[in-house]
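Hello,

Here is the structure we talked about. Please open it alongside this note, and my findings follow below.

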Amino acid sequence: QVQLVESGGGLVQAGGSLRLSCAASGTIFSINTMDWYRQAPGKQRELVATITSGGSTNYADSVKGRFIISRDNAKNTVYLQMNSLKPEDTAVYYCHGAVRPLPITGFRDYWGQGTQVTVSS
C-alpha cells in the first residue's frame with residue numbers, strides 16, 4: 001500500500017510564502033513524476049507543477065516565477081515552495097505521484113488527502 005501525505009498548508013497574507021511537503025510511504029520500488037495540483041471552490045482541479053525523477057520541472061503559467069517544485073528521491077518527498085502568494089492561490093493543494101510499488105507492476109497514480117492554503121488580501 002502506498003500513501004502520500006501532505007503538510008505545510010495554512011493561512012498567509014498576500015505576498016507571503018509557504019512551503020508544502022508531500023512524503024510517499026509504503027511499498028515503493030520507484031517513483032516517476034510527482035506533481036502538485038490545486039482545486040479552488042467551484043473550480044476544476046488544475047495542475048500547478050510537475051517534476052520528473054530526473055529533476056525536470058514544468059509549471060502552470062499562473063505560478064511561473066513564484067513557485068518552485070523540488071524533490072528528494074532518497075526520502076520519496078516532493079516540495080512546493082510558494083512565494084509572492086496571491087489571494088487567487090487560495091485552494092486545496094493535492095500531491096500526486098506516479099508510483100511503481102513493485103518491480104513487476106506498472107506505474108500507478110496515487111493522491112494525497114490535500115492541504116488547505118488560504119491567502120488573505
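**R100 and its strand**

R100 lies in strand β9. Strands here are DSSP runs of E, at least two residues long, numbered from the N terminus. This is a predicted model, where local features need pLDDT of at least 70, side-chain atom pairs count only at pLDDT 80 or more, and totals for chains, interfaces and linings use all residues. Residues are numbered from 1 along each chain as its sequence is written, and side-chain values use heavy atoms, with hydrogens and water left out.

(Buried means under 20% relative accessible area, exposed over 50%, and partly exposed in between, with a 1.4 Å probe and protein chains only.) The strand around it is largely enclosed by the rest of the structure, because eight of the ten residues of β9 are buried.

R100 is in contact with I28, F29, S30, T105, G106 and F107, leaving aside neighbours within four places in sequence. Contact means heavy atoms within 4.5 Å. A14 is 86 residues from R100 in sequence and 38 Å from it in space, C-alpha to C-alpha.

Two strands pair if DSSP finds at least two bridges between them.

- β4 pairs with β9 in the antiparallel sense, over eight bridges. S30 stands opposite R100 there.
- β10 (residues 108-111) pairs with β9, also antiparallel, over four bridges. A98 stands opposite D109.
- β11 pairs with β9, again antiparallel, over three bridges. Y93 stands opposite T115.

**The four-stranded sheet**

Four strands form an open sheet in the order β1-β3-β8-β7, with antiparallel pairing. β1 and β7 stand at the edges with a single partner strand each, so one side of each has no neighbour in the sheet. The twist averages 15 degrees from one strand to the next. (Axes are lines fitted to C-alpha atoms, for helices over the stretch in contact, and angles run from 0 to 180 degrees between N-to-C directions.)

β1 and β3 pair over six bridges, and V5 stands opposite A23. β3 and β8 also pair over six bridges. There, L20 has L80 as its bridge partner.

Side chains alternate along β1. V2, L4 and E6 point to one face and are buried.

**The core**

The largest nonpolar core has 29 residues. (Such a core is a set of buried Ala, Val, Leu, Ile, Met, Phe, Trp, Tyr and Cys residues joined through side-chain atoms within 4.5 Å.) Which members touch the most others? They are W36, V48, F67, V78, L80, M82 and Y93. Strands that each supply at least two core residues include β1 (2-7), β3 (18-26), β8 (77-82) and β9 (91-100).

F67 touches R38, V48, Y59, L80, Q81, M82, N83, L85, D89 and Y93, not counting residues up to four places away in sequence.

**Charges over rings**

Two arginines are worth a look. The charged end of R19 sits over the ring of Y79, 4.1 Å from its centre. The charged end of R45 sits over the ring of W111, 4.9 Å from its centre. (The criterion is NZ of Lys or CZ of Arg within 6 Å of the ring centre and within 35 degrees of the ring normal.)

Best wishes
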